[in-house]
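Dear colleague,

Please find below the structure that I am handing over to you. My notes on what was found in it follow directly after.

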Amino acid sequence: MKATDPEEQLLRRFVDGDPLAAEALYRRFEREAHGWILRIVRDPAAAEDVLVESFWRAYRARARFVVTRPFGAWLRRIATRAALDHLRAARRRTERRLGEVDPQAPAAGDLAARDAIARAFRRLPAKLQVVATLALVEERPYREIAEALDLPLGTVKSRLSRASARLREDLSRQGIRP
Amino acid sequence: MTENDALHALLQQALPPVQDRPPSRDLWPDVLDRRPSPRDWSWLDLGAAAAIAILLALFPGCFWLLLYHL
């Protein structure tokens, strides 16, 4: 990339703290980042809060951004961490309520079973939940997940395996056999 | 169907993939609102103001000294 490249100039202005450059980058990446966050947090209102938080974190961390690297991938990593923080906070808030296991064993396929599965999913530790959401629900490629979480591919696979095992264990305690 | 496929199918039923959609409104002003206002009073400013106020209440004669230094 040449020094006169307008893209690189924009990124340099962003790194220097130019709010207009930050806004230009926000406008360009808002939709993509929002879609990614929404996939993880699965709640439109929360996704908007996490999007704002992600851009604010990116703006504060701008000095660490390397202008020759892709901005979208860097922002996605920040957004993934912000979404993870949101999941951890949401889990802490609802831990007591969700900690109670439903004494009824619902039949798989009905509404109660779907609710039990969703609750079992949300009971997963945030770092396992995010991998399981992206891999099993959103069917994103492992490589993409690894890049967004800034983790080796092997760690993503092992987290997915742990998430699946914990989900099976939780569901079988509720009488649901996947 | 393997155990993994069954779990996958169960999750897809309970948690269908989310539809991609744009934010409901322009969120850039919210990002800007996160910036600390330069006019905000810091704890240090408030502490200094409180210390001066206490000093003046206890020793009113210091007012002229303070005025001289301002």
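A:R27 is partly exposed, its relative accessible area being 36%. In this predicted model, A:R27 pairs with B:D26 in a salt bridge whose closest N and O atoms lie 2.7 Å apart. B:D26 is likewise partly exposed, at 38% relative accessibility. A search of the whole structure gives 18 salt bridges over all chains. The pair named above joins two chains, because A:R27 sits in helix 2 (residues 19–41) of chain A and B:D26 in the loop between helix 1 and helix 2 of chain B. Side chains of opposite charge can pair when their charged atoms come close.

Between chain B and chain A the count is two salt bridges. B:R34 and A:E53 also meet through their side chains in a salt bridge, at 2.4 Å from N to O. Here B:R34 belongs to the loop between helix 2 and helix 3 (43–58) of chain B, while A:E53 belongs to helix 3 (residues 44–60) of chain A, so this pair too joins two chains. B:R34 is partly exposed, with a relative accessible area of 34%. B:R34 and A:E53 are also part of a network of salt bridges that includes A:R57, A:D85 and A:R88.

Turning to the interface as a whole, 29 residues of chain B are in contact with 37 residues of chain A. The area buried between the two chains is about 3200 Å², and carbon and sulfur atoms give 66% of that area. Of the area that chain B buries against chain A, 21% comes from B:L15, B:W28 and B:R34, more than from any other three residues. The interface also holds 12 residue pairs in polar contact, counting pairs with both residues at pLDDT 80 or more. On the side of chain B that touches chain A, helix 1 (3–14) and helix 2 (28–33) of chain B each supply at least two residues. Helix 1 of chain B gives the most to that side, with 10 residues.

As to the chains themselves, chain A has eight helices and zero strands. Buried residues account for 49% of its 178 residues. Among the contacts in chain A with a separation of 6 or more, 64% are between residues 24 or more positions apart. Chain B has four helices and zero strands, and buried residues make up 14% of its 70 residues.

Within chain A, one further salt bridge deserves mention. A:R123 and A:D170 form it, with their closest N and O atoms 3.0 Å apart. This pair links distant parts of the chain, 47 residues apart: A:R123 is in the loop between helix 5 and helix 6 (126–137), and A:D170 is in helix 8 (residues 153–173). A:R123 counts as buried at 15% relative accessibility, and A:D170 is buried with a relative accessible area of 7%.

Finally, helix 5 (residues 111–122) of chain A has 12 residues, which at 1.5 Å a residue should span 16 Å; the end C-alpha atoms are 17 Å apart, which agrees. The buried residues in helix 5 of chain A include A:A113, A:A116, A:I117 and A:F121.

With kind regards

Conventions. Residues numbered from 1 in each chain as written. Chains lettered and ligands numbered in written order. Heavy atoms only, no water. Contact = heavy atoms within 4.5 Å. Buried area = accessible area lost by both parts, 1.4 Å probe. Salt bridge = Lys/Arg side-chain N within 4 Å of Asp/Glu carboxyl O. Polar contact = N/O pair within 3.5 Å; in protein donor to acceptor, adjacent residues only side chain to side chain. Expected span 1.5 Å × (residues − 1). Buried < 20%, exposed > 50% of the residue type's maximum accessible area, 1.4 Å probe, protein only.
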